[in-house]
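Biologist: Could you show me how to read a few features of a protein model, giving the general idea before each case?

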Amino acid sequence: MAADMITSKSNHLASPALLRKIDQLREKNVGQHVPLPQLVVVGDQSSGKSSLLESLTGVPFPRDLELCTRYATQITSRRDPESRVDIKIIAGPHASDDHKRLVASYRPEIPPTEDFRSHLREILKEANARMGIRTDLASCEGTVFSEDILKIEICGPGEDYLTVIDVPGIFRNPSEGITTKADIQLVQNMVRGYIKHSRTIILAVLPSNVDIATQEILTMAEDFDKSGERTLGVLTKPDLVTEQSAQANICNLVLGKKRPLTLGYYIVRSRGADDADAFNLSEAENLFLKTPWNTLPKDRLGAVALKARLTELLGQITRKEFPELLKDVRKQLSDCQATMKELGPARQTEKEQRLFLSSLARRFQELVEAALTARYSSHDIFDEVEPRLITYVANLTETFGDDFARKAHLRHFETTESNEEEEDDESDKDVEDDLSEDANARERTILLEDIDLDEYGVLDNIISKDSGIENPRSGITSWTEKLYLQSRGVDLGIFGGTILSSAFREQSDKWPSMAKMYVSRVIVVIHRFMVIALDTLCADSCVREEIWASILDEVLTRYKAALHQATFLVSLERDKKPYTVNHYFNENLQIVRGNRKAAMLKAKSRQEIKRGFHNSAQVSDNLIVDLEDVRSTTKNKSNVDQVKEEIHDILWSYYKVARKRFVDNVYQQAVDHCLLTGPRSPLAVLTQEWVIELDSERLEMIAGESLLTKQQRLTLSNKIEDLEAASRILRR
């Protein structure tokens, strides 16, 4: 609280209507959610709090042990044309519904012609009984203290607006058979709960006849008001201070020379335990006309001066804090409504539970659809990269295709002179060099680095984590020769079909592991998406756990089906006799044969000389060779050399066709059909159809609210009701 509160003038005071709103908020128990501007009277049991309250409000609280303060008491005086007294009990924040109804029905009728003070003892006894306070100290029935608040509102044409809250006095020693050590702590916690908020003015009641250094209430106040800006000291029982040194100490406190407080100290002479019932406050305050009290500022002496200051302070803090109070109410209401929305609708009946799960499944499928079509603007979940499912799959697939072109063959094929008709299939080493410099490939690699194959333990026995891929070896020529010599028959110029099958199977040795690794990474990306989507759509962790327990086996089965499909595709390519009707195979074969002859003739070629204008000689870019040189290329070549070249060229031509076919098939069948869009996709497990098929018992287990959720919903509902009421009050 700013220090300028002290110097604010009356034109900064809050209107009675504004102060009335704060009291209405307190009646609605809004103070348990949002700190309210208030004046709280605190002190020891024997500090003179009850007498001070009587001097300020005119309410003579009993001082006997049975009726001393055992709960917070709110005393409000309000100017009104009609004189009346309203007394009610405000149920504590943790009260049960039954207790709330019990105390709400307590509205004692006080005839306007009678002074309610004469009935106060009976009123307090009845209030204690309604709160469950022990009225017979010899009995063990009831509690000693209560969280309920007794509100006494005094209205009349001569009243000024003031509200003070009195809390039970602090005590240090339990009374046998009445209070316990636990009660000591309970009262201290109650006091702390009231004074900790920055919108509370602390009225620390300090008996003048006790050394202020021993007053625990000041120490407690300092814990929450370290600079002393919102603590006001009220010195009671000055008539009991007779020694001059003690009187000087009291004067030094008021003058700010000792243990200063920003709001300062006031001295009040109230009715004491030994004073007669006909105690006259004006006569008692004649004490302040005597030395040394008459040397102190008059505005710091007496109940009238204190009441005027308290009225001023309450108005100042209410006016100052009102905008922030309104903001706090709106924010907390918004936060509670958001939390309630996250909990979803109530799930008590079977119908409510099925509607809840059906809505959840529908929204999950909407996210799946958006994730598969890259409609990332449709939901905030896609603000993060991880849920962008189809983007990850596309990058994984492209990387898989690139890696397959560079590394899937066991040995490098021979490089021959490139031909423009070979499209992207230049020598494998050229492809590898191009890809290593490809900026897009590097960007894909960075994006895919966050795929953690160890993130989900449930996938450990399904996916492959072997990410290492060896580069192709050299020596394919000697390998094909050895393969032929170890498998040849008595054939002339040809080789048996089994040789090509063996060659292709060995050359594609890395296909199974690379395909499984690719599908495994797609599975991890899908599983991560499903986890994030469910976490986003369902705030209740218990419901999420039960959903996963219900669908996980089926989801894992579908993951396995995708891997089985990839394995099946590998088997089709590697375990069957190589065959294709794709014309691209023959084109490849003719190209590689032509390139081989061209490479052999290049050394014997020469540039063509053309005759131009006036028979001038011009050198052409075309290379020419003699027919005899062409014939000589077939000479001096053994049967083994001829066959091993044929094996290489046919294997190379077929491998290119099979590789591209396989990469496409793995994506289309194992990934797209089995994992993404097919009817048996793991993404299609959590659907509305799945919800419909749940039996009542399983439905209750999944969607039924836990006791914790029920309590959270009830607490939120009550808080929202209180805050909505507060919002209506503040808007009036």
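Predicted model: local features only at pLDDT ≥ 70, side-chain atom pairs only at ≥ 80, totals over all residues.

Biologist: How far is the sulfur of Cys542 from the closest cysteine sulfur?

Modeller: In general, a disulfide is a covalent bond between the sulfur atoms of two cysteines. The rule applied here asks for a pair of cysteine sulfur atoms within 2.5 Å, and the sulfur of Cys542 is too far for a bond because the closest cysteine sulfur, in Cys538, is 9.4 Å away. By this rule the count is 0 disulfides. Another cysteine, Cys674, counts as buried, with a relative accessibility of 14%, and of the 732 residues of the protein, 48% count as buried.

Biologist: At what angle do helix α10 and helix α16 pack?

Modeller: Two packed helices are described by the angle between their axes and the distance between the axes. Helices are DSSP runs of H or I with at least four residues, and strands are runs of E with at least two, numbered from the N terminus. Helix α10 (residues 350-373) packs with helix α16 (residues 511-537) at about 135°, and their axes are 10 Å apart. The axes are lines fitted to C-alpha atoms over the stretch in contact, with angles running from 0 to 180 degrees between N-to-C directions. That makes α10 oblique to α16, given that angles under 35 degrees count as roughly parallel, over 145 as roughly antiparallel, 65 to 115 as roughly perpendicular and the rest as oblique.

Biologist: Which residues does Lys237 contact, leaving aside its neighbours within four places in sequence?

Modeller: Contact means heavy atoms within 4.5 Å, and by that reading Lys237 touches Ser46, Ser47, Gly48, Pro207, Ser208, Asn209 and Val268. Lys237 sits in the loop between β7 (231-236) and α7 (244-254), and is partly exposed at 27% relative accessible area. Its C-alpha atom is 5.7 Å from that of Pro207, although the two residues are 30 residues apart along the chain.

Terms used:
Residues numbered from 1 in each chain as written. Heavy atoms only, no water. Buried < 20%, exposed > 50% of the residue type's maximum accessible area, 1.4 Å probe, protein only.
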